[in-house]
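Here is a short briefing for a reader new to this structure.

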Amino acid sequence: MRHGVAVLACLVIVGSLPLSVAGASVNASISTVDVSPSSPAPGETVTFDTTVRNLESSDAPLEINDIAIRKSGGRGITEYERVSDLGSISPGSTLEVPLTASFDSAGSKDLRVIVYGRDRKTGDNIELKYPVQLNVQERHPQMDITADDSVAGVESTGEVTVANGLDTQITNVEIVVEGDGVKVTNSLTVRSSVAENGSITAPFRFRPESAGEHSLTATISYTVDGDTTRSTTRTTVIDSDPLRNSVELDTTAVGSGTDRALRVAVSNGANAPLSDVMISATSENASFQRVLLENISASTTRQVRLNATMDEPRADVTVTANYELGTETEQMTTETTLRSVPGTIDLTGLDVIRQGGRLQISGSASNVGSTDADSVLVSVVNTESVTPATPNRDYFVGTVPASDFVSFDVYAQTTGNVTSVPLEVTYLVDDTRKRQTFDVDIDRMGASAQQAGQDDDSGGGDQNSMLPVFIAGGLALLVVVGVLVRRYRRGDDDIEV
């Protein structure tokens, strides 16, 4: 069909022109110019298949120097294409040469195909002309390119929308996206057809190589009427921002006891997403699990937990985040300290009361750690001047939960000038036996010392306890005396006291 249309067009044109131009010994002509497509659209590439024939009646070969296609008439010369050095044509032979051109605007085009040759026998120049009339029509589907905001070196997305406003469907649709200073991936979309008044979208991904303006060009190729292939392009300009790297790490110690960990917050202040984010921590006194995140979007924060295995109660830790930003591999680090806080017993609220020849020591076994302390036992340490005394030579406290306390009291006897009483505390933490010794300062307990002084003065205490009896006895005596006086005054001799 394509060939038939071209031939018909050429026959109409050929009929209006001389078929040959004869030189001294060469009789040649442009026999045909097949045009495809016969009715192109603006911007569409048009092929002019030109056949030059040297007739058998010629006496010499025709040397072809150039073949060109030009605009006919008007001012100046508008030449669309020229091919050169095509060799020679022997008598009775033909030469087929394709020429291509495209036209920016619609309308009727009056063209000429011109052959510039030379008679190889006589050396005379020969010029052959062939008129071509072409009707260029604005008949492409509408096409639009949209692209998301982009950053240099960072992949972004876009899509091409094709709306078929032609009065027929288009088939064999192929959409290709290319860029200037832009690497385009997923750039090809193929569809079997787009119906009349139908539309399709063709997604693509692109990565600007640098900041600034870049062009994106979409080309659609398709077939109409079953045999005519057309193509058209559309270009848009994008403005890409420079890549900004701004990542912050914030760490927080979490967990309790020996089950410690670091909570790491990764804040992406960059203008592009982070990908393949590996978060790790290193320390001489602890080991940590690593965490991999697929990506972190721009202006967002992700938190991860790095579980720790601590070899020492304190560990100086370096936290590192390795990530991909655009086409670059980046790294961010921060320093922190992680401490393990197992259950630990401290003696608080101590009070000392002297009771005769012994001391009562009371207080609280307080767990200042973050794990339970089991089997807590408080004992008076037996020394040369301190001896555990009844009723509590030691005191079994039992379990003290984390951040809690349990009261106790123990007794001790002292000899000589003693200023403190040693107490020993033993307990289990994570199946490990702990042992601590505390010296309870006797002199520092002012209130207790004062209380101890009153205890030592046991006689004064007995007088005080008899005072109510004396008062009651005095009052009773006054009552008896009063009764006797009244009876005496009444002359009653039978008085019984």
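Glu127 counts as partly exposed, at 37% relative accessibility. Buried means under 20% relative accessible area, exposed over 50%, and partly exposed in between (1.4 Å probe, protein chains only). The model is predicted: local features need pLDDT of at least 70, side-chain atom pairs count only at pLDDT 80 or more, and totals for chains, interfaces and linings use all residues. Residues are numbered from 1 along each chain as its sequence is written, and side-chain values use heavy atoms, with hydrogens and water left out.

**Salt bridges**

- A salt bridge here is a side-chain nitrogen of Lys or Arg within 4 Å of a carboxyl oxygen of Asp or Glu. By this rule the count is 11.
- Side chains of opposite charge can pair when their charged atoms come close.
- Glu127 pairs with Lys129 in a salt bridge, and their closest N and O atoms are 3.5 Å apart. Lys129 is partly exposed, at 46% relative accessibility.
- Arg205 and Glu155 form a salt bridge through their side chains, at 2.8 Å from N to O. The pair links distant parts of the chain, 50 residues apart. Arg205 sits in strand E14 (residues 199-208), and Glu155 in the loop between strand E9 (142-147) and strand E10 (156-163).
- Arg205 has a relative accessible area of 34% and is partly exposed. Glu155 is also partly exposed, with 31%.
- Asp66 lies in strand E4 (residues 62-71) and Arg82 in strand E5 (residues 79-89), so the pair ties together parts 16 residues apart in sequence.
- Asp66 is buried, with a relative accessible area of 16%. Arg82 is partly exposed, at 33%.

**Nonpolar cores**

- A nonpolar core is a set of buried Ala, Val, Leu, Ile, Met, Phe, Trp, Tyr and Cys residues joined through side-chain atoms within 4.5 Å.
- In soluble globular proteins, nonpolar side chains tend to be buried together.
- The largest core has 29 residues. Leu262, Val264, Ile279, Phe288, Leu306, Val317 and Val319 have the most contacts inside it.
- Strands E17 (247-256), E18 (259-268), E19 (274-282), E20 (286-288), E21 (291-296), E22 (300-310) and E23 (314-325) each give two or more residues to this core. E23 gives the most, with six residues.

**Two residues and their contacts**

- Contact means heavy atoms within 4.5 Å.
- Leaving aside neighbours within four places in sequence, Leu262 has contacts that include Thr251, Val254, Phe288, Leu306, Val317, Thr336 and Leu338.
- Ser280 is found in strand E19. Ser280 is buried, with a relative accessible area of 15%.
- Not counting residues up to four places away in sequence, Ser280 touches Arg290, Leu306, Thr318, Val319 and Thr320.

**The protein in totals**

- The protein has three helices and 32 strands. Helices (H or I, at least four residues) and strands (E, at least two) are DSSP runs, numbered from the N terminus.
- Of its 497 residues, 37% count as buried.
- Among contacts with a separation of 6 or more, 63% are between residues 24 or more positions apart.
- The protein exposes about 26700 Å², and carbon and sulfur atoms supply 45% of it. Accessible areas come from the Shrake-Rupley method with a 1.4 Å probe; for residues, only the protein chains shown count as cover.
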